Amino acid sequence: MSLIKTSFVIIENTKGEVALVLEGGRAKGLWCLPGGHIDENESLEEAALREAKEESGLDVEIVGKITSMRMSGLEYLGKRAEDDEVIEVNIFKAKPLSFALKPGIQELDACWFTKAEIEKLDLRWKFLSELLIEST
């Protein structure tokens, strides 16, 4: 079994909207939190900050950890994955230090969404809508 660690960030603006990115990679066409794999010698928090900037264009400040969970590669990607992959998903809450969203190279879009709008989106993970509504 191989364990892959990731960090994602819930970023909420002053209007109560949450920043999401439209995936362009292996989960293409699904909305998700900015986040991804942790680089070698990088902490969970450092990865969250880097991924927020790379995927959404936002500089953020981590204010706390929301949850940590493990899922299969199939659950993580929503598509074909290695049978023995286990993904550790760490989700942090952050406040934005900038507000102009700019999708990264692999993302198709980045937008602010209200809680009501989030419930209607095609999300990468089934639990994401509930998590976003509870944690914001």
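## Sheets, helices and selected residues

N41 is exposed, with a relative accessible area of 76%, where exposed means over 50%, buried under 20% and partly exposed in between (1.4 Å probe, protein chains only). This residue is found in the loop between β4 (35–37) and α1, and its phi is near 65°, a positive value in a residue other than glycine. Helices (H or I, at least four residues) and strands (E, at least two) are DSSP runs, numbered from the N terminus.

The model is predicted, so that local features need pLDDT of at least 70 and side-chain atom pairs count only at pLDDT 80 or more, while totals for chains, interfaces and linings use all residues. Residues are numbered from 1 along each chain as its sequence is written, and side-chain values use heavy atoms, with hydrogens and water left out.

An open sheet of 4 strands has the order β4-β1-β6-β5 with mixed pairing, two strands being paired if DSSP finds at least two bridges between them. Its edge strands are β4 and β5, each of which pairs on one side only. Within this sheet, β1 and β6 run parallel and are joined by 10 bridges, and I11 has A94 in β6 as its bridge partner.

| Helix | Strands touched | Angle with β1 |
|---|---|---|
| α1 | β1, β4, β5 and β6 | about 60° |
| α4 | β1, β5 and β6 | about 45° |

In α4 (residues 128–135), L128, S129, L131, L132 and S135 are buried. They cover an arc of only 165° around the axis, which puts them on the same side of α4, the arc being that of the directions from the helix axis to the C-beta atoms. On the other side of α4, E130 and E134 are exposed. The partners against which the buried residues of α4 pack include β2 (18–23), β3 (31–32) and α3 (115–118).

Helix α1 (residues 44–56) contains E51, a buried residue with a relative accessible area of 6%. Leaving aside residues up to four places away in sequence, E51 touches S7, P34, G35, G36, H37 and S56.

A further open sheet has 3 strands in the order β3-β2-β7, with antiparallel pairing. Because β3 and β7 (107–113) stand at the edges, each with a single partner strand, one side of each is left without a neighbour in the sheet. V21 stands opposite C32 in β3, and α1 lies across β2 and β7, running at about 105° to β7.

Methods
Contact = heavy atoms within 4.5 Å. Axes fitted to C-alpha atoms, helices over the stretch in contact; angles between N-to-C directions.
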